Amino acid sequence: MVELTKFTPTYKAEFEQLARDRKEDFEALRDKGRWTASVYLGPYIVEARLKFKICEVLKLERLPAILKTHDLYALLIYAGLLDELKAMPNIFANFNRINDIHQEVAWRYKVAAPFHQVDSDKLNDWLFDSNDGVMTWLQL
Amino acid sequence: MVATIVSKKILDRLREVFKRYGNEVLGDPDITVAFFSTDYEGSVGVLLTSPRFQNMLYSERQDSVWDYLLNNPEVNKDAMFVISRISMEPEAVEFIGALES
């Protein structure tokens, strides 16, 4: 049976900080040329920020345990942001691209390769482009 | 995983769009288009299979298909919004939760 009233041990403020930390980690990996690992890690910025947003929308200090998921689409729905995103097709497309990386188990096991710089640069755009970046939209 | 409720009309429309993408962008009229269910009512995942993806980086594949969807006036945006993710593979893979192919 799903326990609807359980909470994760992580607090709202920690998710807010976690998103900033993962952003710094993403940048540090890119600065060091660790392109492959940066692609694996990048989507966690979105995950942490959405978990913070859910706590904010639901006026909760901790995230409900049933939302302990890596599924960005599920987190988007419970953050109440799906319709808003659908009104912005370019950001919707970038969100989908990032969601596919996050769901794609293969990225966890890819050996570091210099040509993944292209993927890392693209992910950086999908996340932080000043007009269409998902994290720009999510205000981080 | 619960089967996703998306109308056959929308899936048929999307299949047509992805077949056109294969033909016009990849030069592959035999691209395989499959849909897989998600946990969300009204949403599907898409799996495209074409040997033309072999020499494309992950981000090139993603940009290629999404740029086609966003910039093609014939693509119905309401249909596009039922997609929760698009995966692209150079060869056939087995996956769980297939709706139809």
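The contact between the two chains takes 17 residues from chain A and 16 residues from chain B. The model is predicted. On the side of chain B that touches chain A, the elements giving two or more residues are helix H2 (58-71) and strand S3 (83-89) of chain B. H2(B) supplies the largest share of that side, with six residues.

**Interface composition**

- By class, eight residues on the side of chain B that touches chain A are nonpolar, four are polar and four are charged.

**Overall architecture of chain A**

- Chain A has nine helices and two strands as its secondary structure.
- Read from the N terminus, the order of its elements is β-α-α-α-β-α-α-α-α-α-α.
- Along the principal axes, the C-alpha atoms of chain A fill a box of roughly 45 × 30 × 25 Å.
- Buried residues account for 38% of the 140 residues of chain A.
- When contacts in chain A are limited to residues at least 6 apart in sequence, 69% of them join residues at least 24 apart.

- Two packed helices are described by the distance between their axes and the angle between them.
- For helix H6 (residues 89-103) of chain A and H2(B), the axes come within 11 Å and cross at roughly 155 degrees.
- H6(A) is therefore roughly antiparallel to H2(B), as angles over 145 degrees are classed in this way.
- The handedness of the crossing between H6(A) and H2(B) is right-handed.
- On the H6(A) side, the contact is made by Pro89(A), Asn90(A), Ala93(A), Arg97(A) and Asp100(A), while H2(B) contributes Gln62(B), Trp66(B) and Leu70(B).
- Four nonpolar, two polar and two charged residues make up this contact of H6(A) with H2(B).

**Helix packing within chain A: H6(A) and H8(A)**

- The axes of H6(A) and H8(A) come within 9 Å, with a crossing angle of roughly 130 degrees.
- At that angle, H6(A) is oblique to H8(A).
- The crossing of H6(A) and H8(A) is left-handed.
- Asn94(A), Arg97(A), Ile98(A) and Ile101(A) of H6(A) make this contact with Leu123(A), Trp126(A) and Leu127(A) of H8(A).
- The contact of H6(A) with H8(A) comprises five nonpolar residues, one polar and one charged.
- Arg97(A) is listed in the contact with H2(B) and also in the contact with H8(A).

- His116(A) lies in helix H8 (residues 116-128) of chain A.
- With 24 other C-beta atoms within 10 Å, His116(A) is buried, because a count of 20 or more places a residue in that class.
- Leaving aside residues up to four places away in sequence, His116(A) touches Trp35(A), Thr36(A) and Val39(A).
- His116(A) and Asn94(A) are 22 residues apart along the chain, and their C-alpha atoms are separated by 18 Å.
- Asn94(A) is itself one of the H6(A) residues in the contact with H8(A).

How values were computed
Residues are numbered from 1 along each chain as its sequence is written. Chains are lettered from A and ligands numbered from 1 in the order in which they are written. This is a predicted model: local features need pLDDT of at least 70, side-chain atom pairs count only at pLDDT 80 or more; totals for chains, interfaces and linings use all residues. Two residues are in contact if their C-beta atoms, placed from the backbone, lie within 7 Å. Helices (H or I, at least four residues) and strands (E, at least two) are DSSP runs, numbered from the N terminus. Ala, Val, Leu, Ile, Met, Phe, Trp, Tyr, Cys and Pro count as nonpolar, Asp, Glu, Lys and Arg as charged, and the others, Gly among them, as polar. A residue is buried if 20 or more other C-beta atoms lie within 10 Å of its own, exposed if 12 or fewer, and partly exposed in between; C-beta atoms are placed from the backbone. Axes are lines fitted to C-alpha atoms, for helices over the stretch in contact, and angles run from 0 to 180 degrees between N-to-C directions. Angles under 35 degrees count as roughly parallel, over 145 as roughly antiparallel, 65 to 115 as roughly perpendicular and the rest as oblique. A crossing is left-handed if the near helix is turned anticlockwise from the far one by less than a right angle, and right-handed if clockwise.
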